Amino acid sequence: MASGGNPVLPPIRRTLNLILMLALAMVPPIAFASDSLACEQSGYCSLGKISPFLGDVASSEQLKNMLDSCSYKKEVILLASTSDVLDNALQTYNQFIQLGLAHVVLLAPDEGACHKASDIASDLCCVWNSVELPGNFFPHQLKLWHIRRRVTARAVRLGYNFMVVDTDVIIFDDPYNVPVFTPLLHLPS
């Protein structure tokens, strides 16, 4: 190969990612010494209060159905992922679940990716958007980023708050504690 790369590595990497994704999905939530969840301070503990949802949110009706099923106190945490890094999204989802935050929606590129994700995390809210966009303007990941902004803007207009989180992060604590329970809350706007 001209680039000097190993042509066998990508299939091996995908297989290892799938094995890691399956292993992490089976890890039980962390048991804290006090048996309390990190979300208790902020009051956004939604674990056990969210209904799973799979659907195309191109229509306003389906978007509203998703928001009714997957939001908590008009809050939604949005993860967006391509099929190639679905394992990252599921790891991030699992981190939120361990904190007690279940009002997480995964925005996937298509229905097949949502079914793949929900086979691993059955209580997941997963959506896709079938809106047609010109491929020459929105190739691959750019289309997903556009859809993420589009879905978020539509939901914000309906009165919901969205926390858009990348999937290549590690969540150590309830993110709602930062803006709500710190001096940042009292700063003039």
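Colleague: How many bridges join β2 to strand β3?

Modeller: This is a predicted model, where local features need pLDDT of at least 70, side-chain atom pairs count only at pLDDT 80 or more, and totals for chains, interfaces and linings use all residues. Residues are numbered from 1 along each chain as its sequence is written, and side-chain values use heavy atoms, with hydrogens and water left out. Strands are DSSP runs of E, at least two residues, and helices are runs of H or I, at least four, numbered from the N terminus; two strands pair if DSSP finds at least two bridges between them. β2 and β3 (residues 104-107) run parallel, and the number of bridges joining them is four.

Colleague: Which residue of β3 is the bridge partner of Leu 79?

Modeller: Leu 79 stands opposite Val 165 in β5, and β2 pairs with β5 in the parallel sense over five bridges. In β3, the partner of Leu 79 is Leu 106.

Colleague: And which helix does the chain pass through from β2 to β3?

Modeller: This β-α-β crossover is right-handed, meaning that with the strands pointing away from the viewer, the path from the first strand over the helix to the second runs clockwise. The helix, residues 86-98, is α3.

Colleague: Why is β2 largely enclosed by the rest of the structure?

Modeller: In a regular strand, side chains alternate between the two faces of the sheet. Here Glu 75, Ile 77 and Leu 79 point one way from β2, Val 76, Leu 78 and Ala 80 the other way, and all are buried (under 20% relative accessible area; exposed is over 50%, partly exposed in between, with a 1.4 Å probe and protein chains only). β2 is largely enclosed because, of its six residues, the number buried is six.

Colleague: What is the angle between the planes of Tyr 44 and Tyr 176?

Modeller: A search of the whole structure finds one aromatic pair (ring centres of Phe, Tyr or Trp, its six-membered ring, within 6.5 Å; planes under 30 degrees apart are stacked, over 60 edge-to-face, the rest tilted). Tyr 44 and Tyr 176 are stacked, 4.3 Å centre to centre, and the angle between their planes is 20°.

Colleague: How far from the ring centre of Tyr 44 is Lys 73?

Modeller: Tyr 44 is buried, at 16% relative accessible area. A charge sits over a ring if NZ of Lys or CZ of Arg is within 6 Å of the ring centre and within 35 degrees of the ring normal. Lys 73 lies over the face of Tyr 44, and its distance from the ring centre is 5.3 Å.
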